[in-house]
Amino acid sequence: MRGQARLLVNTPEIELWPGSLLRARGNRDARALARARRVLRRKRDGRYLAAELPEGLVPLVPHLLREPGIDEAKRALGLEPARARAGIDVIPALPLHRLQARLDRLGIDPAAYAERTGLVLVAEPAWLAFAGRDRFGRALWLRVDAARAWRNLRDAALRDGIVLDSISGYRSHDYQLGIFERKLARGQDVDDILTVNAAPGYSEHHSGIALDIGTPGEPPAEESFEGTPAFDWLGRYAGEHGFTMSYPRDNPHGIVYEPWHWRFSR
Ligand SMILES: [Zn+2]
């Protein structure tokens, strides 16, 4: 896999992962993943659906061809990632119509929700770049310019003796929907869930330019992060690298103060 671009190619229901970045969950998956150039992964629950091997696409689930979104994912397999890389300034966004149908199913009225929170629908980019591992050892995906900026930010901090790590970067609409589905299955209702989780489609994390930053020894995504030297360093220098805090105290969106959540803008 050396030298191959490490990109996440995105389709509405299925992601195409570089096989080298995935961890096997069973012997059968392990054998396939070890040889896979790319792996089709269901966004809603992270399930590995198929491995792209030299001999062709090998299903990892029964009834692969009945999987929603499989045709689009197979079409995306045919696109050369290098071609996608050429268009850094025009990274296409996925359509939003599917999301709106699902918000309807959850009983969330997009207009009323947007009005109440001041948030807007955020489209997912068609591809993302590998930005290293997060604190939990998972692949961190960001838009390619944000990925580069994050590496620079982290390196600059390190030169000043500050260790930054990432908690979470890009998250898909389906991932967010999956959170809702799991909580609904446990008996919570949508209004309860909305007090803790942004509605699917409305999180800045969908854009690939936002990430949650932490520092070792601090719990993830807690207000106590503001008391750390890492936060102090970010306050002084993050702006030089294009990062701003999205939700400072008393932000106009009425969103809870999130000292860990930063957004890259060119
Ligand atoms: Zn965040």
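Author: E13, E72, R98, R102 and D174 are linked in such a network, a salt bridge being a side-chain nitrogen of Lys or Arg within 4 Å of a carboxyl oxygen of Asp or Glu. This is a predicted model, in which local features need pLDDT of at least 70 and side-chain atom pairs count only at pLDDT 80 or more, while totals for chains, interfaces and linings use all residues. Residues are numbered from 1 along each chain as its sequence is written, and side-chain values use heavy atoms, with hydrogens and water left out.

The structure holds 19 salt bridges. In one of them, the side chains of R35 and E55 meet at 3.0 Å, N to O. This pair links distant parts of the chain: R35 belongs to helix α1 and E55 to the loop between β4 and β5, 20 residues apart. (Helices, H or I of at least four residues, and strands, E of at least two, are DSSP runs numbered from the N terminus.) R35 counts as partly exposed because its relative accessibility is 44%, and E55 counts as exposed at 53%; buried means under 20% relative accessible area, exposed over 50%, and partly exposed in between, with a 1.4 Å probe and protein chains only.

A further salt bridge brings together the side chains of R37 and E52, at 3.5 Å from N to O. Here too distant parts of the chain are linked, R37 lying in the loop between α1 and β3 and E52 in strand β4, 15 residues apart. R37, at 28% relative accessibility, counts as partly exposed, whereas E52, at 17%, counts as buried.

D212 forms a salt bridge with R171, their closest N and O atoms being 4.0 Å apart. D212 is in strand β9 and R171 in the loop between β8 (165-168) and α7 (173-185), 41 residues apart. With a relative accessible area of 7%, D212 is buried.

Seven strands form an open antiparallel sheet in the order β5-β4-β3-β2-β1-β6-β7, two strands being paired if DSSP finds at least two bridges between them. β5 (56-59) and β7 (139-142) are the edge strands, each pairing on one side only. Neighbouring strands are turned by 30 degrees against each other on average, direction ignored; axes are lines fitted to C-alpha atoms, for helices over the stretch in contact, and angles run from 0 to 180 degrees between N-to-C directions. Helix α1 (residues 27-35) packs on this sheet and touches β3 (38-42), β4 (48-53) and β5, contact meaning heavy atoms within 4.5 Å.
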